[in-house]
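Trainee: Could you take a close look at one part of this model with me? I'd like to go through it slowly.

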Amino acid sequence: MKKNTLWDASNDSCNIGNSIIKRIVDLEHVSFAADLIFPDVNPETIKQLSNRVGLQHFSDNTLDLLLSFHSFLIQTKKYNILVDTCCGNEKERPTRPAWHQRNGPFLDNLANAGLTPSDIDFVLCTHLHADHVGWNTKLIGGKWTPTFPNAQYLFTQKEFEYWKAEDQKNPSEPIMYGSYNDSVLPVIKSGQAVLVESDHQIDNGIQLEPAYGHTPGNIVVNIESESDQAILCGDVIHHPLQLIKPKWSTNFCYDPELSRQTRLNLLNRCAETQTAILPAHFHSPDYGYIERDGDTYQLIK
Ligand SMILES: [Zn+2]
């Protein structure tokens, strides 16, 4: 078991060998009713589990689940790689109030990490849900324009083809709250998108891996440097409740059974190989290593 604390809360970052990983927040402490996220949960179950999981992951009075929406910036010797781009500003999401017509400080937070949008070499979306593509674009002169002018945007072929087909099935319906049109298609049209295989290698030790289930082409990102290993596991795990209830898939999972199997495989592998997990929606500094205890898992920070 790793003994050192993984996450440096003072800098909101960690080192994995030679790579630095920084969290760039779009919005946090967003509360969602537990039964919006997970099917068939009741308040008594959540109350019992909340003490085990940690009350910082729940809102004070209601025990709603708290989620964060952040990117992870991977800085290797060669590249700045931004993984998942959250919700974005000025997006029209009337049925998701927390994401609707935002004016948030994401780019200021990127600046605080020492970078401008021009410095990003690769943008990678683990999947194409609305809360993972938002900052792909920003509104300039009434037109959705790629936010990161020098970046290649990596989408997996399998994921993109699924959403493209969905769009073609229902051309009059906005796909994914409209995010396919305002945050994915403009990048395709600009020529900055690169469709890659689900096991694509971006740089030495930075490799995609299929993690299907949450969406048809969902991937995670393996980071290996020197003897350290971490996985940016995106939405394979949404909330720390799933460490105690690893079989719980969310209401947003395309294939709940496959999502469950993917989650169990990933948690078991992390426990066996001292691999850190960095999920897309846990609060900082709640990242660390995984220890298995029977049918449940524990985060070792
Ligand atoms: Zn998500």
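Trainee: Between which two elements does the loop with Gln274 lie?

Mentor: Keep in mind that this is a predicted model. Gln274 sits in the loop that runs between α7 (256-273) and β14 (276-279). Its backbone is worth a look: Gln274 isn't a glycine, yet its phi is positive, at about 50 degrees. As for the side of things that solvent can reach, Gln274 has a relative accessible area of 34%, so it counts as partly exposed.

Asp84 is another non-glycine residue with a positive phi, here about 70 degrees. You'll find Asp84 in the loop between β4 (80-83) and α3 (106-112).

Take Cys14: it is in no disulfide, and the nearest cysteine sulfur, in Cys233, is 13 Å away. Cys14 is also buried, at 3% relative accessibility. Then there's Cys87, whose closest cysteine sulfur belongs to Cys86. Those two sulfurs are 6.2 Å apart, which is too far for a bond, because a disulfide needs the pair within 2.5 Å. Cys87 counts as buried as well, with a relative accessible area of 2%.

Key. Residues numbered from 1 in each chain as written. Predicted model: local features only at pLDDT ≥ 70, side-chain atom pairs only at ≥ 80, totals over all residues. Heavy atoms only, no water. Helix = DSSP H or I, 4+ residues; strand = E, 2+ residues; numbered from the N terminus. Buried < 20%, exposed > 50% of the residue type's maximum accessible area, 1.4 Å probe, protein only.
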